[in-house]
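Please keep the sequence and the model at hand while reading.

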Amino acid sequence: MFRFRDKSTANKILEKIKDLNIKAKFMNVCGTHQDTIVRYSLDTLLEPYGIELVAGPGCPICVTTSREYMEAMVLAARGKIITTYGDAARVRIRGRSLLTLRGDGADIRIVYSIDDAVEIAKMNPNRDVVFLAVGFETTAPSTAYTILSDPPRNFYILNCHRRIPPAIEALLSLGEVKIDGFIDPGHVSTIIGLEPYERIVSRFPIPHVISGFEPLDVLVSVYMLARQVKRGEAKVENEYSRAVRREGNPRALKLIEEVFEYTDLEWRGLSRVENSGMRLKRKYEDRDARLVFQDELKLLEEYSEPKGCRCSEVLRGLAKPRECPLFSITCTPLNPIGPCMVSVEGACYIEYKHRRV
Amino acid sequence: MCLAVPGLLIEVNGIIGKVDFGDGTIRKVNLALLEKAKPGDYVLVHAGYAIQVVPEEYVRETIELWRKVISLEDFAK
């Protein structure tokens with residue numbers, strides 16, 4: 001009987017990696033990969049064989065900027081119902097988060113799906129309901145679908161969707177960290193397919209492997225990357241073929257294309273990344289909370305990033321969570337200072353949860 | 001955020017399906033992003049939306065790929 005988690009198989013893959021005898025640094029850009037890597041200590045297992053694994057900007061909650069969270073907080077303070085996914089409500093800016101605003105009477109609703117947010121809008125026809133739409137290409141199609149399916153008039157989007165491939169290119173252009181290969185995000189790839197990575201490889205020829213999320217998936221992907229390095233190849237391979245097709249999910253891509261247009265957008269850690277944002281097209285601007293409530297958003301206060309927090313460097317692969325002076329001392333999941341300690345996909349939260357001591 | 005959980009589609013009603021995630025967890029899932037899905041299919045669910053069908057034979061293909069990649073004879077025993 002074959003198992004997706006099997007120690008003896010893992011050891012055999014590790015032996016194969018050892019036999020390749022290379023030295024390389026591979027980056028993942030997905031919080032769920034980082035969770036698998038740290039939960040099963042794959043990074044520690046690989047280290048003696050010359051493979052270093054490092055996390056990149058793969059946590060949507062983390063790369064969303066303070067400004068975007070503050071926009072949601074301003075709208076909450078102005079009496080709108082703010083709906084969002086759980087982690088986004090816990091990100092603190094100057095000590096306050098959407099959840100702590102609840103204590104001041106703000107109406108913040110945690111939802112599992114954008115469909116729940118639409119239901120809330122239907123049940124509260126006299127209130128403005130704003131959905132804080134955080135997420136990469138995996139999440140954006142559901143937002144696009146909702147916009148197109150005629151939600152109630154009082155339903156708006158505070159759009160923070162982002163695209164992963166431009167962030168990978170931005171990191172490679174920066175060249176701060178020498179990356180020898182990418183473990184590409186499985187579920188983003190379910191939507192976008194292989195082609196966007198192939199375009200990256202034509203500009204920056206290094207290996208890419210789209211990976212699944214079981215520990216053996218990640219180990220096999222690391223082996224595939226290492227093998228490319230050994231052979232001097234640079235191509236896109238798909239380890240997660242059970243869920244990722246070459247063309248991605250055409251229906252979801254069409255929805256994205258219908259509703260959004262690409263725009264330059266700031267990321268936490270990466271500053272402005274060309275074509276990495278997804279702006280609502282003009283014909284849907286009556287759903288765009290930033291336009292509809294622009295006068296109220298003028299109340300946005302000045303803010304600064306928390307002192308000492310190294311989230312920005314963690315998101316670029318320049319620092320490990322433990323290298324942050326705040327890690328597990330003043331910054332913990334119960335009292336997170338930076339967003340990387342808030343989200344279950346944040347590198348700091350994952351490190352704290354699985355390897356506190 | 002990009003966490004997606006596989007489950008068994010047990011009922012389809014227009015664009016809404018019921019998915020059994022095991023251990024008695026059954027949830028309503030939006031199927032609008034899929035070309036087609038029928039009861040008995042395994043689907044990957046992200047934030048309440050099924051984003052892909054995962055046919056059982058593809059899972060076997062994964063194992064085949066691993067076997068090929070690693071070329072370990074005892075891989076699937």
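The sections below treat the basis of the model, its domains, cores, cysteines, chain contact and local backbone features.

## Basis of the description

This is a predicted model, in which local features need pLDDT of at least 70, side-chain atom pairs count only at pLDDT 80 or more, and totals for chains, interfaces and linings use all residues. Residues are numbered from 1 along each chain as its sequence is written, chains are lettered from A and ligands numbered from 1 in the order in which they are written, and side-chain values use heavy atoms, with hydrogens and water left out.

## Domains of chain A

Chain A is divided into domain 1 (1-293) and domain 2 (311-355), with bounds that come from an automatic or database domain assignment. The C-alpha centres of domain 1 and domain 2 of chain A are 17 Å apart. To their contact (heavy atoms within 4.5 Å), domain 1 of chain A gives 33 residues and domain 2 of chain A gives 26 residues.

Buried area is the accessible area (1.4 Å probe) that two parts lose on being put together, summed over both. Between domain 1 and domain 2 of chain A this area is about 2300 Å², with 55% given by carbon and sulfur atoms. On the side of domain 1 of chain A, the residues that lose the most area to domain 2 are A:V38, A:C62 and A:R92, together 22% of what that side buries. Three salt bridges are counted between the two domains of chain A, a salt bridge being a side-chain nitrogen of Lys or Arg within 4 Å of a carboxyl oxygen of Asp or Glu. A:R316 and A:E176 form a salt bridge, with 2.7 Å between the closest N and O atoms.

## Nonpolar cores

A nonpolar core is a set of buried Ala, Val, Leu, Ile, Met, Phe, Trp, Tyr and Cys residues joined through side-chain atoms within 4.5 Å. Here buried means under 20% relative accessible area, exposed over 50%, and partly exposed in between (1.4 Å probe, protein chains only). The largest nonpolar core has 111 residues, and A:L98, A:F131, A:L132 and A:F155 have the most contacts inside it. Helix 5 (residues 66-77) of chain A supplies the largest share of this core, seven residues. Helices (H or I, at least four residues) and strands (E, at least two) are DSSP runs, numbered from the N terminus. Domain 1 (1-293) and domain 2 (311-355) of chain A each contribute at least three residues to this core.

Apart from its neighbours within four places in sequence, A:F155 contacts A:I114, A:A117, A:V118, A:A121, A:V129, A:F131, A:T146 and A:R287. A second, separate core has 27 residues, including A:I13, A:I51, A:L219 and A:Y223.

## Cysteines

A disulfide is taken as a pair of cysteine sulfur atoms within 2.5 Å. The count is one disulfide over all chains. A:C59 and A:C62 form a disulfide with their sulfur atoms 2.2 Å apart, and the link is right-handed, with 70° about the S-S bond.

A:C59 counts as buried because its relative accessibility is 3%, and A:C62 is buried at 0%. A:C331 is in no disulfide, and the nearest cysteine sulfur, that of A:C348, is 6.4 Å away. A:C331 has 8% relative accessibility and therefore counts as buried.

## Contact between the chains

The contact involves 48 residues of chain A and 36 residues of chain B. The area buried between chain B and chain A is about 3700 Å², and carbon and sulfur atoms give 64% of this. One salt bridge is counted between chain B and chain A. The side chains of A:R251 and B:E35 meet in a salt bridge, at 3.5 Å from N to O.

Helix 9 (residues 140-148) of chain A is largely enclosed by the rest of the structure, because eight of its nine residues are buried. The buried residues of helix 9 of chain A include A:A140, A:P141, A:Y145 and A:I147. Just after helix 9 of chain A, A:D150 has a positive phi of about 55°.

Most residues other than glycine have a negative phi. A:S271, which is not a glycine, has a positive phi of about 50°. A:S271 lies in strand 11 (residues 271-280) of chain A and is partly exposed, with a relative accessible area of 44%. B:D23 also has a positive phi, near 50°. B:D23 lies in the loop between strand 2 (16-20) and strand 3 (26-30) of chain B and is exposed, with a relative accessible area of 86%.
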